[in-house]
Amino acid sequence: MVNSVSGFSKFTKAEKIDWLISNHFLNNAKAKANLERYWNANEGLQKLHDEFTENTISNFYLPFGIAPNFLINDKIHVIPMTIEESSVIAAASNAAKFWMQRGGFKAEVLSTTKVGQVHFMFHGNSSEIDAIFNEIKPQFFEQTKAITKNMDARGGGILDIELVNKTAKISGYYQLQVTFDTMDAMGANFINSCLEQIATTFKTCSDDIQVVMSILSNYVPNCVVRAEVSCKVEDLAVDASISGREFADTFIQAVRIAEVEPYRAVTHNKGIMNGVDAVVLATGNDFRAVEAGVHAYAARGGSYSSLSHASIENGVFKFWIELPLALGTVGGLTGLHPMVKTALELLGNPSAKELMEIVAVAGLAQNFAALKSLTTTGIQQGHMKMHLFNILNQFEATESEKVILVAHFKTNTVTHSAVVEAIENLRA
Ligand code: MEV
């Protein structure tokens with residue numbers, strides 16, 4: 001039976017761990033040592049991490065890797081990726097190399113508008129709320145000036161405020177729909193502060209306005225980036241076993257399947273998000289917001305569908321993606337987390353628009369690599385080779401055991417049981 005605890009957040013870190021160990025780990029010294037082993041020896045750095053969030057008792061590391069050779073809009077990038085899944089960075093690097101020899105990636109931001117909403121109830125006549133809104137609208141801009149001043153100076157701010165009648169969905173339900181350009185910031189705090197001020201101003205107009213909530217939307221279908229690769233169909237022939245035309249036809253079939261079949265689309269898009277999330281995380285952005293927005297976008301036609309598309313026109317193979325991405329390169333973690341700062345520096349301290357382009361390219365590259373494997377050799381060949389190290393580490397293989405076993409699996413099929421058997425044979 002686990003004891004409840006009160007005032008836990010006020011405990012020191014040592015007290016928190018002691019409480020946890022005695023209540024949840026049967027005083028297991030190993031569990032305590034493990035939590036402490038992941039503390040950073042640099043006290044300042046550890047304190048920084050402790051203060052990112054609440055009740056921090058240790059750190060949770062993820063690998064920080066890089067995928068070089070990304071030619072994007074004629075400039076070479078090394079892309080930082082934070083991800084635990086084996087094969088993802090290898091696949092990104094392979095796709096980068098493949099397209100480096102075929103003109104590279106082209107990327108372009110199509111729009112940068114974000115949305116926030118004040119959701120409210122009004123049960124009077126709709127012409128009444130129209131009149132109130134039209135009268136108060138200039139005040140919304142006026143009374144948010146203190147919040148928007150810096151953003152306005154950078155060229156962003158509140159773009160427009162509209163009254164939206166939603167009474168057909170819920171009786172008495174309306175929204176103030178506010179559109180924003182947040183420039184190089186992801187803008188969540190900025191947007192929410194503006195919305196709360198707008199709601200406060202609005203409530204003074206009538207006692208009949210009941211504000212339910214004021215919050216940004218993570219659905220950003222008007223903050224979209226497009227990335228693309230293209231080459232002559234015959235240039236897709238990677239070896240003698242398959243012609244460029246055969247490769248392109250099967251590849252396009254695979255994309256079409258993801259366009260019409262939600263079961264496949266989810267996995268197809270998951271592969272895209274392997275690339276997207278890894279860069280979003282490495283650059284200190286909110287991957288939950290990106291995930292939520294991207295999947296809503298993938299379902300905007302009424303059925304969940306592929307985020308990428310492919311075609312052949314006049315002998316040219318084209319493969320592209322459009323992604324809604326709310327990213328920032330200033331504010332939030334970007335100026336705080338040392339590894340995020342390093343990741344951004346590695347990318348040449350990009351603007352938010354440039355980062356959108358890089359992230360979309362990482363997603364497209366990942367998707368290309370996955371489909372290339374799936375439609376030719378199958379995914380497991382490469383995946384299990386990379387996974388071999390995970391299995392070896394799980395069995396705490398020594399460096400010399402690893403050398404022998406890696407050599408062994410150069411010519412033998414990697415399966416979990418085959419690796420376990422090989423380790424046991426070696427140790428016997
Ligand atoms: C695995 O993480 C991602 C893939 O399943 C993506 C795909 O099937 O397209 C390989």
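Two residues are in contact when heavy atoms of theirs lie within 4.5 Å. With that in mind, welcome to this structure, which is a predicted model.

Let us start with Phe317. Leaving out residues up to four places away in sequence, Phe317 touches Trp99, Val229, Ser230, Cys231, Val233, Leu236, Ala248, Phe251, Ile252, Ala310, Ser311 and Ile312. Phe317 also belongs to the largest nonpolar core, which has 69 residues. Along with Phe70, Phe319 and Leu325, Phe317 touches the most other members of that core. Which helix gives this core its largest share? That is α12, residues 352–374, with twelve residues. Another core lies apart from this one and holds 26 residues, including Phe133, Met151, Tyr174 and Val178.

**The chain as a whole**

Stepping back, the chain has 15 helices and ten strands. Its C-alpha atoms fill a box of roughly 80 × 70 × 40 Å along the principal axes. Of the 428 residues, 45% are buried. The chain exposes about 22000 Å², and carbon and sulfur atoms supply 53% of that area.

**Around the ligand**

Next comes the ligand. Its surroundings are made up of Glu85, Arg264, Thr267, His268, Lys270, Gly271, Asn274, Ala370, Leu374 and Ile379.

How much of the ligand does the protein bury? On its own the ligand exposes 300 Å², and 83% of that is buried by the protein.

**A strand with two faces**

In a regular strand, side chains alternate between the two faces of the sheet. Strand β3, residues 106–109, has Ala107 and Val109 on its covered face, while Lys106 and Glu108 are on the uncovered one. Its partner is strand β8, residues 224–232, and the two run antiparallel, joined by four bridges. Within this pairing, Val109 stands opposite Val225 of β8.

**Two serines to look at**

Ser93 sits in helix α4, residues 88–100. Is Ser93 buried or exposed? Ser93 counts as buried because its relative accessibility is 19%, and buried means under 20%. The side chain of Ser93 reaches the backbone oxygen of Ile89 at 2.8 Å. Beyond its neighbours within four places in sequence, Ser93 is in contact with Ile66, Ala67 and Pro68. Ser93 and Ile66 are 27 residues apart in sequence, yet their C-alpha atoms are 8.5 Å apart in space.

Ser206 has its place in a loop, the one between α7 (188–203) and β7 (210–216). With a relative accessible area of 13%, Ser206 is buried as well. What lies beside its side chain? A polar atom of the Ser206 side chain is 2.9 Å from the backbone nitrogen of Asp208. Setting aside residues up to four places away in sequence, Ser206 touches Phe122 and Ile132.

Conventions. Residues numbered from 1 in each chain as written. Heavy atoms only, no water. Core = buried A, V, L, I, M, F, W, Y, C linked by side-chain atoms within 4.5 Å. Buried < 20%, exposed > 50% of the residue type's maximum accessible area, 1.4 Å probe, protein only. Near = heavy atom within 4 Å. Areas by Shrake-Rupley, 256 points an atom, 1.4 Å probe, with all protein chains shown as cover. Polar contact = N/O pair within 3.5 Å; in protein donor to acceptor, adjacent residues only side chain to side chain. Pairing = 2+ DSSP bridges.
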